[in-house]
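My entries are kept in the order I looked things up.

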Amino acid sequence: MGPRVDTNNGQSDHGVASSVGATFPPTPPSHPHVLNTSTVFPLVLSTGAAFGNHYTTQQMLDALIHQQTVVAGNQDFDVDFAKRVFEKCGYKTHSVALALPDVFRRLSRDEYLQHRAKNLSGLAEQAAELALSRWGRPRGEITHLFWGTMTGAMSSPTIDIQLVKRLGLHHDVERTSIEGMGCLTGFRLLNLARQVVQADTKARVLVIAADLRSAIGNSLPDKPTRTDIVSAALFRDAASSAVVGKADLLRDGEHPCYEIITGLSRVTKETHHLVMYSEANDGVIRLHLDRKLPDHIGMVEPDFVGTLLEKGTRALDPQGDVIKLLPPVSNMDILCHTGGPRVLQMVAQSLGTNKDRLSSSWNIMTAHGNLSGASNLAVLDHHNNLPERGSEWAVCLSMGPGVCLDGVLLRDARVSPSNRSCIPRNLQVLPAAPTYYRSDLAVQCSKRVIHIVGGGIAGLTLAVTLDPDKFDVRVFEASQHVGEMGYGMAVWPSMMRILRDELGVTGLDLARSESMAVRPIRNCLDVKVGNSNPDKGFTKRSHLLDRIKARLEERHPGCISTGHTCMRVRFEDGMATATYEKKRADGKPGSSIVSHTCNLLVGADGVNSAVRRYVALKSDTKSFGHMTAYRFLVPNPSEELVKETREQWNMSLGKHIHSPCYQISSKGNALNVVVLEYDGKPPGPPHRPCPGELMDVAIRGELNFVIKLLQTEDIEDLACYSTYHVDCEPWVQPCAAIVGDAAHAFGPLTAKMANLAVNDSYTLATMLNDGFDQQHHPSSSSSACKVLSQGQILQEWEDEQRPKFQLTRTRTLRHLQLYSPQFRGLVTLLWAMCPGQMLKYFGSIFAYDYAVFDPKRKEKRGKGTSLIVGSTYDPLLAVAKRLSIYCGLFFLSLALAIVVSKAIWKHNRISSHLLFVCSTAEE
């Protein structure tokens, strides 16, 4: 979420609301972003979108089949039809605001209302926060709030009222709430906002659309029909938002995204039967989508779009003074509601355009699903954040129950005037972008400029490694100071080698453990770790970051800029420009918008990376990792606890839960404890729970070691957070890259991802240092070394690091399997029956480390050289091989037994026959 800002600039509330638009104190300052035109159009000033958890199509299909056939006992459920529908929907991942065990679970009415109250308003708040932070003005200047949803309920105070408080809007903001408009909600609200700001140039309208349409799958009838299955397969959850204003006189910090030329709404004739939606007495939601709906949309769209463009032509040129105003619709981008593959195909076909013109719609649909009315502005947000635009013009289209159509004609306000071939003679275009601080580029010197977004362990390691004689480095951190909490983390030898030996980071405090105590539910196994590596142990995250920061100040003094939240990224002419919300240095409310340009932008901004959306253009999946983590410290442990943990670190295992406990300093006795519960609760924002909540978790999981610790020890800094998995591709663009959790997050698993983040940063910076030498001093480099461009260096880095992540992802999944519901009973039995083998399996999961990149050995290293140090033993593969050997021996023995039996039977039969012949002869 974006930061809260002062809504009144420190002044008292004395504004008076008018019937058209509210005048809010203080009056915004005027600045010279003036559009000299006789026709000034409303503007989209910012956009934002928020999504739920992401699950694969197979996960969703499995959940539906499980709920219907196992939970509900519906043996008549059409599994084959469900498989075909899910396969044809075209979604790679599905955005759902529920935890996976609750997906397609039949919700009671109370559960549905709680789901709506929490997650609908939560997604709406996230999307609006993003749009407001990108807008760049105090929230008190929002005069109107337009809220729309199809996820209805009778509840007061309504969500629009709640959002006023949660978003920090002025209490005199004029609210409008619209429900029941289905999949055209977003663009209908955008058209209403257009009309308001056209009438009142001082108005600033915040538009929010949100839907939880996956809830259709939570209220299926006892015997779902094929129509019900189709509805459950299609609809998903999201929220989207936009800020709309007028361009007569833009305010400081406002930068236009699109001009809203005109809009159009239409109710098509004799089509009510194509979309029908109703709620039964028992709360079951029935949605009927006629098979002919896509065909009908294809029939009516050409006339509708033609009317929209005619209306736009009149708006652009009311006096007819036009050379050539609008290009053919086939040359425009089409931002269409994500109604499904057939709908998008029919829209493209009927308008005579191709799939590329609907790329934002296809991207949103395949990545998230049919998002109902929230899809409209989500597609606009995707288009708004594309690094390159396909066209100056965009036609927004949505369709909903009725059948009704809504359309908006937009002109991209950021397209260079030189690219505009068709404009009115009397119309001057808006500036393409805000003025950027080009002085960053140090153009008078030979240094290349590298900017790093994120001042965590990965970002600072990257900055330290970059050679100050070759690169001008700046680090932009969102917080007002660079720091970490005092929680612990595991340190592996590769990290120590990089920080201490390669980068010269001094004063590292490492707590070592000579053994590990694994504590299943009913017994304790104390297993000695032979020849323990002195560079393997535990430390405080805050201490580690402070030491890296101290080294950074020695190599790049004053390179850290705090209070800078990255909002968007733009690539142009081989350069990267990032726009930031800059908070006041004195900590007082208020912010400004600044932009900085560089040769290379590196996103080290964590799981919720702002840079990733501009880099990972092929796929970008962030999903709930099924683990809820409780972290806390034991600052002054008792003598008994110190004795238990001084020479060994503890791993307690319970039902669907585990808890590592270890010391985090060689100079004291403080303990770090983490309790990780598998699918304990739905994902949510970080919070500080009460100790009672943690005790309930420990008791529920039979975590005896933690129960005793909570009863006898004082704890501090208790926090709870949800874990997330990030898997995206690619990690690089020609002038940008993402490292650490911004590129890959999977876990938690003994801090492997934190160690890999350091490895990422060191490898990337080392390659850049080496590449700079080859580019600027080719005579000093080996003749065999090929001089690589920056883009080639970045791609080589991704090829080096991605296999390391893939191994870690596989091992992490092996780890999670120990606690998943499908294996809980089996795992508990195995710990009781064969603890030694289970311990070997448990230890093998994380018994490896990452190779440290060495440019001197890069050319000598073969293609198949391992990037992993230590054991690469995969326990599941080993078990599979052993089972295959046992099965082979079993079947071989069985075959031999059959052959021998047949031989004996044949021998016995011959003997009996001879005996019979002999006895007959004697007679």
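This is a predicted model: local features need pLDDT of at least 70, side-chain atom pairs count only at pLDDT 80 or more; totals for chains, interfaces and linings use all residues.

The notes below cover the sheet, then the helices, then a salt bridge and some backbone details.

Entry 1: I looked up the strand order of the open sheet and found 8-7-9-10-4-12-17-16-15. The sheet has 9 strands, and their pairing is mixed. Strand 8 (174-179) and strand 15 (333-336) are the edges, each pairing on one side only. From one strand to the next I read an average twist of 25°.

Strand 7 (residues 144-149) and strand 9 (residues 205-212) run parallel and are joined by 5 bridges. For Gly-148, the bridge partner in strand 9 is Ala-209.

**Entry 2: helices on the sheet.** Which strands does helix 3 lie across? I listed strand 4 (42-51), strand 7, strand 8, strand 9 and strand 10 (237-246). The direction of helix 3 is at about 135° to strand 4. Helix 9 (residues 359-368) also packs on the sheet, where it touches strand 4 and strand 15. Its direction makes about 35° with that of strand 15.

**Entry 3: helix 3 with helix 4.** I checked the axes of helix 3 (residues 109-135) and helix 4 (residues 159-166), which come within 10 Å. They cross at roughly 50°, and the two helices are therefore oblique to each other. The crossing is right-handed.

On the helix 3 side, I found Arg-116, Leu-120, Ser-121, Gly-122, Ala-124, Glu-125 and Glu-129 in the contact. They meet Ile-159, Gln-162, Leu-163 and Arg-166 of helix 4. By class I have 4 nonpolar, 3 polar and 4 charged residues in this contact.

**Entry 4: helix 7 with helix 8.** How do helix 7 (residues 293-316) and helix 8 (residues 341-350) cross? Their axes come within 8 Å, at an angle of roughly 30°. Angles under 35 degrees count as roughly parallel, so helix 7 is roughly parallel to helix 8. I recorded this crossing as right-handed.

From helix 7, the contact takes in Pro-294, Asp-295, Ile-297, Gly-298, Glu-301 and Pro-302. Helix 8 supplies Arg-342, Val-343, Met-346, Val-347 and Ser-350. The residues divide into 6 nonpolar, 2 polar and 3 charged.

**Entry 5: salt bridges.** How many salt bridges does the structure hold? I have 29. I followed one of them, in which the side chains of Arg-226 and Asp-78 meet at 3.1 Å, N to O. Arg-226 belongs to helix 6 (residues 226-234), and Asp-78 sits in the loop between helix 1 (57-71) and helix 2 (79-88).

**Entry 6: backbone details.** I looked up cis peptide bonds and noted the one from Gly-402 to Val-403, with omega near -5°. Val-403 is in the loop between strand 16 (393-400) and strand 17 (404-412). I also noted a cis bond from Glu-729 to Pro-730, with omega near -5°. Pro-730 lies in the loop between strand 33 (716-729) and strand 34 (732-733).

Last, I checked Phe-104, a residue other than glycine with a positive phi, near 65°. I placed Phe-104 in the loop between strand 6 (93-96) and helix 3.

Notes: Residues are numbered from 1 along each chain as its sequence is written. Side-chain values use heavy atoms; hydrogens and water are left out. Axes are lines fitted to C-alpha atoms, for helices over the stretch in contact, and angles run from 0 to 180 degrees between N-to-C directions. Helices (H or I, at least four residues) and strands (E, at least two) are DSSP runs, numbered from the N terminus. Angles under 35 degrees count as roughly parallel, over 145 as roughly antiparallel, 65 to 115 as roughly perpendicular and the rest as oblique. A crossing is left-handed if the near helix is turned anticlockwise from the far one by less than a right angle, and right-handed if clockwise. Contact means heavy atoms within 4.5 Å. Ala, Val, Leu, Ile, Met, Phe, Trp, Tyr, Cys and Pro count as nonpolar, Asp, Glu, Lys and Arg as charged, and the others, Gly among them, as polar. Two strands pair if DSSP finds at least two bridges between them. A salt bridge is a side-chain nitrogen of Lys or Arg within 4 Å of a carboxyl oxygen of Asp or Glu.
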